[in-house]
Amino acid sequence: MTALDVETTGLENAFAVQIAAVGRDGSVRFNEYVQPDAVIEPAAVAVHGITLERLASASDFGQLLPTLTEVLHGRTVVAYNMDFDRGVFEHELVRHHGDTTAAKRWLACCRWEDAMVPYAVWRGLWSVKRGTYRNLNRSGFGRDFRLWL
């Protein structure tokens, strides 16, 4: 099992600016800045503090893809808000490969799991108003996420 987190250029049609993966034992399996070749929204910079200047010498997604493949393929990949992070990977893979078929094939080599609802259940974050568990933004769960590994 590998926990994955992706920092991005924004929320819509986002590209990665940093990708990190941590193994079940807590070892850092991957932690790299990514040259997005795109504008980073000011709101995104306010969240993660990553600017284009910081990424000037970073590799692009395609250059990091062989290592990411080695780190993630055949593993369960756990992400908080998995749909978003997986979507960023798909966006990057389509840009790299030029088609959705190759992107979907690459993504299918991992078993993707979302930690958002299990974390809310574990924390007891029931919302009476919504009639379901409420999700925290990532800054709200902090170090507790490692307990899911």
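Helices (H or I, at least four residues) and strands (E, at least two) are DSSP runs, numbered from the N terminus. This is a predicted model, where local features need pLDDT of at least 70 and side-chain atom pairs count only at pLDDT 80 or more, while totals for chains, interfaces and linings use all residues. Residues are numbered from 1 along each chain as its sequence is written, and side-chain values use heavy atoms, with hydrogens and water left out.

**View 1. A loop residue, aspartate 37.**
Start with aspartate 37, which you'll find in the loop between strand 3 and helix 1 (42-48). Its phi is near 50°, a positive value in a residue other than glycine. Aspartate 37 counts as exposed, at 67% relative accessibility (buried means under 20% relative accessible area, exposed over 50%, and partly exposed in between, with a 1.4 Å probe and protein chains only).

**View 2. Asparagine 13, in the loop between strand 1 and strand 2.**
Here's another non-glycine residue with a positive phi: asparagine 13, at about 50°. Asparagine 13 counts as exposed, with 65% relative accessibility.

**View 3. Strand 2 and its partners.**
Two strands pair if DSSP finds at least two bridges between them. Strand 1 (residues 2-8) and strand 2 run antiparallel and are joined by seven bridges; one of the pairings sets threonine 8 against alanine 16 in strand 2. On to strand 3 (residues 28-35): strand 2 pairs with it in the antiparallel sense too, over five bridges. Look for alanine 21, whose bridge partner in strand 3 is phenylalanine 30. Strand 2 and strand 3 make a hairpin with four residues between them, and glycine 26 in the turn has a positive phi of about 90°. Six of the eight residues of strand 2 (residues 16-23) are buried, so this strand is largely enclosed by the rest of the structure.

**View 4. Valine 6 and tyrosine 33.**
Valine 6 belongs to strand 1 and counts as buried, at 2% relative accessibility. Valine 6 and tyrosine 33 are 27 residues apart in sequence, and their C-alpha atoms are 9.8 Å apart in space.

Rings of Phe, Tyr and Trp (its six-membered ring) pair if their centres lie within 6.5 Å; planes under 30 degrees apart count as stacked, over 60 as edge-to-face and the rest as tilted. The structure holds three aromatic pairs. One of them is phenylalanine 89 with tryptophan 106, a stacked pair at 5.8 Å centre to centre, with 20° between the planes. Phenylalanine 89 lies in helix 3 (residues 82-97) and tryptophan 106 in helix 4 (residues 100-107), so this pair ties together parts 17 residues apart in sequence. Phenylalanine 89 is buried at 1% relative accessible area, and tryptophan 106 counts as buried at 7%. Phenylalanine 89 also meets tryptophan 112: their ring centres are 5.9 Å apart and their planes at 65°, so the pair is edge-to-face. That pair links distant parts of the chain, with phenylalanine 89 in helix 3 and tryptophan 112 in strand 6 (residues 111-114), 23 residues apart. Tryptophan 112 is buried as well, with a relative accessible area of 11%. Ring pairs join Phe61, Phe89, Trp106 and Trp112 into a cluster.

**View 5. Arginine 95 and its neighbours.**
The charged end of arginine 95 sits over the ring of phenylalanine 15, 3.6 Å from its centre (this needs NZ of Lys or CZ of Arg within 6 Å of the ring centre and within 35 degrees of the ring normal). Arginine 95 also forms a salt bridge with glutamate 92, with the closest N and O atoms 3.1 Å apart (a side-chain nitrogen of Lys or Arg within 4 Å of a carboxyl oxygen of Asp or Glu). Both residues lie in helix 3, three residues apart, about one turn of the helix. Arginine 95 counts as partly exposed at 36% relative accessibility, whereas glutamate 92 is buried at 2% relative accessible area.

The structure holds three salt bridges. Among them, glutamate 90 and lysine 104 meet through their side chains at 3.0 Å, N to O. Glutamate 90 lies in helix 3 and lysine 104 in helix 4, so the pair ties together parts 14 residues apart in sequence. Arginine 111 bridges to glutamate 113, with the closest N and O atoms 2.8 Å apart.
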